[in-house]
Amino acid sequence: MPELPEVEALREYLDEHLTGRVVERVLPLAVSVLKTYDPPPTALEGQPAGAVARHGKFLALRIGELHLVTHLARAGWLRWQDTLPEQPPRPGKGPLALRVVLEGGGGFDLTEAGTQKRLAVYVVHDPQEVPGIARLGPDPLADDFDRDAFAALLAGERRQIKGVLRDQSVIAGIGNAYSDEILHAARVSPFKLASSFGEEQITQLHAAVRGTLREAVGRAHGVAAGRLKAEKKSGLRVHGRAGEPCPVCGDTIRSVSFADSSLEYCPTCQTGGKPLADRRLSRLLK
């Protein structure tokens, strides 16, 4: 799933390649992709593209007086093309969900692999009209997301820290992969209760949040849209690397599986050397 660093890189890429171009056609090709109908996608046609904004994992493209907002969900992606095929795409064929054609040639496709269709596109007057954006928590890279602001979010939070970091209404933009990376950098168990952090641990975790995301954004800066997925994978230290040695201590990275996802961690770095054998049987490690 694209998370804050990859979406920020897509924002930068689109800002450079899209701003000032005029939209010729917007072609929704998957029945499930369009979540709004008024204004219609055709209202974007003939309008110039302006600045591109990021809200958590959402991209908001200013087109004329409207905004084309998308959330790539778990298996969605944006593919920029300098030259689009002359043959119009056929609805329901392959992963293509929506195509934006620009005057003078080129444009981009929104695609989604797999059978779970969660890619979402909205045409709105204001990005805050999108429910997912309206309920977002603060951006962890914002200037005012300081240590005290982070501590206030954790105060009284009785959930495990892994779930808190992934909750978009608490902090915007962090998903499964980067929450694993942040917790590894902070040397914290994913099952530790958020409300149980001491002052020093809060400071350490806040630094890990900012540092991990900034590092990932830096790696993704300037990378073409088509190579961002590979760049993300290559930069991950523990997520998706079960069975490999921890790059910090050399212990074997372990995994805990859930119904539709998994988490990865290092026992030596994060759980006092104790493997979490099963999410239903493991104790909450402090």
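Helices (H or I, at least four residues) and strands (E, at least two) are DSSP runs numbered from the N terminus. The structure is a predicted model, in which local features need pLDDT of at least 70 and side-chain atom pairs count only at pLDDT 80 or more, while totals for chains, interfaces and linings use all residues. Residues are numbered from 1 along each chain as its sequence is written, and side-chain values use heavy atoms, leaving out hydrogens and water.

Work out in which order the strands of the open four-stranded sheet stand, and which of them are the edge strands.

Solution. Strands count as paired when DSSP finds at least two bridges between them. Begin with strand 7, residues 107-112, which pairs with strand 5 (residues 76-81) in the antiparallel sense over six bridges. Continue with strand 6 (residues 96-102), which runs antiparallel to strand 7 and is joined to it by five bridges. Placing the four strands side by side then gives the order 1-6-7-5, with antiparallel pairing. Strand 1 (23-28) and strand 5 are the edge strands, since each pairs on one side only. Neighbouring strands in this sheet are turned against each other by 15° on average, with direction ignored.

**Exercise on a central strand**

Solution. Elsewhere along strand 7, T111 stands opposite L96. Now examine burial, where buried means under 20% relative accessible area, exposed over 50% and partly exposed in between (1.4 Å probe, protein chains only). G107, D109 and T111 point one way from the strand, F108, L110 and E112 point the other way, and all of them are buried. Six of the six residues of strand 7 are therefore buried, so the strand is largely enclosed by the rest of the structure. Finally, follow the chain back to the hairpin of strands 6 and 7, where four residues lie between the strands and G104 takes a positive phi near 90°.

Solution. A nonpolar core is a set of buried Ala, Val, Leu, Ile, Met, Phe, Trp, Tyr and Cys residues joined through side-chain atoms within 4.5 Å. The largest core has 35 residues, among which L61, L68 and F108 touch the most other members. Helix 1 (residues 4-18) gives the most to this core, namely six residues. A second, separate core holds 27 residues, including F150, I161, I174 and L236. Returning to F108, and leaving aside residues up to four places away in sequence, its contacts (heavy atoms within 4.5 Å) include L18, L61, L68, L78 and W80.

**Exercise on helix 1**

Why does the distance between the end C-alpha atoms of helix 1 agree with its number of residues, and how does the helix lie against the strands?

Solution. The expected span is 1.5 Å times one less than the number of residues. For the 15 residues of helix 1 this rule gives 21 Å, and the end C-alpha atoms are 20 Å apart, which agrees. Helix 1 is mostly covered, because eleven of its 15 residues are buried; among them are L4, P5, Y13, L14 and L18. The helix lies across strands 5, 6 and 7, at about 25° to strand 5, where axes are lines fitted to C-alpha atoms (for helices over the stretch in contact) and angles run from 0 to 180 degrees between N-to-C directions. After helix 1 comes G20, whose phi is positive, near 90°.

**Exercise on Q270**

Is Q270 buried or exposed, and which backbone oxygen lies 2.8 Å from a polar atom of its side chain?

Solution. Q270 is found in helix 8, residues 267-270, and its relative accessible area of 5% makes it buried. Its contacts beyond four places in sequence include L183, H184, R187 and Y265. The backbone oxygen in question belongs to V188. Q270 and A186 are 84 residues apart in sequence, yet 8.2 Å apart in space, C-alpha to C-alpha.

Definitions and conventions:
A polar contact is a pair of N or O atoms within 3.5 Å; within protein, one must be able to donate a hydrogen and the other to accept it, and residues adjacent in sequence count only if both atoms are side-chain atoms.
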